[in-house]
Amino acid sequence: MTLSLDFDAMDPAIRYKLLSAVVIPRPVAWVTTLGAAGQVNAAPYSFFNVFGQDPAIVVLGLQNKPDGSAKDTTANIRRTGEFVVNIATPDLVAGMVDTAAPYPADISEAAALGLAIEPSAHVAPPRLAAAPVSLECVRHTAITFSAERELMIGRVVGMAARDGLIDTETWRVDWNGDYPVARLFADRYARLEEIEPRSIPPVPKT
Ligand SMILES: Cc1cc2nc3c(=O)[nH]c(=O)nc-3n(C[C@H](O)[C@H](O)[C@H](O)COP(=O)(O)O)c2cc1C
């Protein structure tokens with residue numbers, strides 16, 4: 001027997017539980033933005049991915065707070081048009097998750113949690129110094145689906161990477177086995193383990 005579920009007849013909260021537990025692993029965007037008084041906001045967003053290179057597009061799935069108001073990241077991107085996606089490795093998970101606590105908008109998670117920051121080269125929000133790589137982004141478009149959710153589509157205008165991560169002759173990225181953390185669901189995370197490489201074969205001759 002196969003379980004067949006009708007999503008149109010389902011409570012959205014259940015859909016969330018199911019979708020976020022089957023579409024895994026998800027990468028995490030540890031997003032830094034600037035608040036109205038210049039404070040550095042940081043928060044993780046795992047409804048995130050890259051969708052192209054020309055333009056270089058990333059997308060964040062931003063949910064509003066239960067009272068319908070925008071999260072700080074959303075409000076800051078709307079106001080400033082800029083954000084930085086910091087990519088975290090497993091050793092950074094504790095610090096990353098701590099920034100998901102609902103700090104008030106005028107409090108900087110970076111300052112409150114003692115996260116070191118470094119200036120970005122192409123946008124005003126700084127990057128997180130501990131992240132091996134950061135994507136400097138400007139807002140391209142936002143699509144609002146409902147009172148709860150919008151997609152923030154950003155264009156990557158710059159990248160900052162720690163020494164040795166990117167070979168600028170070959171443009172290869174060498175993670176040296178220390179890959180970004182993968183989000184599973186709820187409070188669970190995973191380390192990536194590579195399996196055998198497998199190249200796409202040509203179409204067999206008939
Ligand atoms: C690993 C992780 C991933 C998350 N992903 C999302 C997400 O994709 N969308 C979202 O709206 N909230 C997500 N959250 C919750 C936000 O991080 C949380 O609401 C945070 O307080 C928002 O902070 P801000 O108001 O400073 O933007 C996630 C939390 C964690 C721990």
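Helices (H or I, at least four residues) and strands (E, at least two) are taken here as DSSP runs, numbered from the N terminus. Residue numbers start from 1 along each chain as its sequence is written. The structure is a predicted model, in which local features need pLDDT of at least 70 and side-chain atom pairs count only at pLDDT 80 or more, whereas totals for chains, interfaces and linings use all residues.

Ser-69 lies in the loop between strand 4 and helix 2. A residue is called buried if 20 or more other C-beta atoms, placed from the backbone, lie within 10 Å of its own, exposed if 12 or fewer do, and partly exposed in between; Ser-69 is exposed, because 11 other C-beta atoms are found within 10 Å. The C-alpha atom of Ser-69 is separated by 8.7 Å from that of Glu-148, although the two residues are 79 residues apart along the chain.

The chain as a whole contains 4 helices and 11 strands. Its radius of gyration, taken over C-alpha atoms, is 18 Å, close to the 17 Å that the globule rule gives for 206 residues, so the chain is as compact as a globular protein of that length; the rule is 2.2 Å times the number of residues to the power 0.38. The C-alpha trace spans about 65 × 55 × 30 Å along its principal axes, and 28% of the 206 residues count as buried. With a contact defined by C-beta atoms, placed from the backbone, within 7 Å, residues 24 or more positions apart account for 62% of the contacts with a separation of 6 or more.

An open sheet of 7 strands has the order 2-1-5-8-9-4-3, with antiparallel pairing, two strands being paired if DSSP finds at least two bridges between them. Strand 2 and strand 3 stand at the edges with a single partner strand each, so one side of each is left without a neighbour in the sheet. Neighbouring strands of this sheet are turned by 35 degrees against each other on average, direction ignored. Helix 2 packs on the sheet, where it touches strand 1 (29-34), strand 2, strand 4, strand 5 (82-87), strand 8 (133-144) and strand 9 (149-161), and its direction makes about 50 degrees with that of strand 1. For such angles, axes are lines fitted to C-alpha atoms, for helices over the stretch in contact, and values run from 0 to 180 degrees between N-to-C directions.

Within this sheet, strand 3 (residues 48-53) and strand 4 (residues 56-63) pair in the antiparallel sense over 5 bridges, and a hairpin joins them through 2 residues. Phe-48 stands opposite Leu-60 in strand 4, and Gln-53 stands opposite Ala-56. Strand 5 pairs with strand 8 in the antiparallel sense over 6 bridges, with Val-138 in strand 8 as the bridge partner of Glu-82. Strand 8 is in turn joined to the antiparallel strand 9 by 11 bridges, and these two strands form a hairpin with 4 residues between them.

Around the ligand there are 17 residues, of which the closest are Ala-43, Phe-47, Gln-63, Asp-72 and Thr-73; a residue is near a molecule if its C-beta atom, placed from the backbone, lies within 6 Å of it. Strand 2 (40-45), strand 4 and helix 2 (72-80) each supply at least two residues of this shell, and strand 2 gives the most, with 4 residues.

Note on methods. Contact = placed C-beta atoms within 7 Å.
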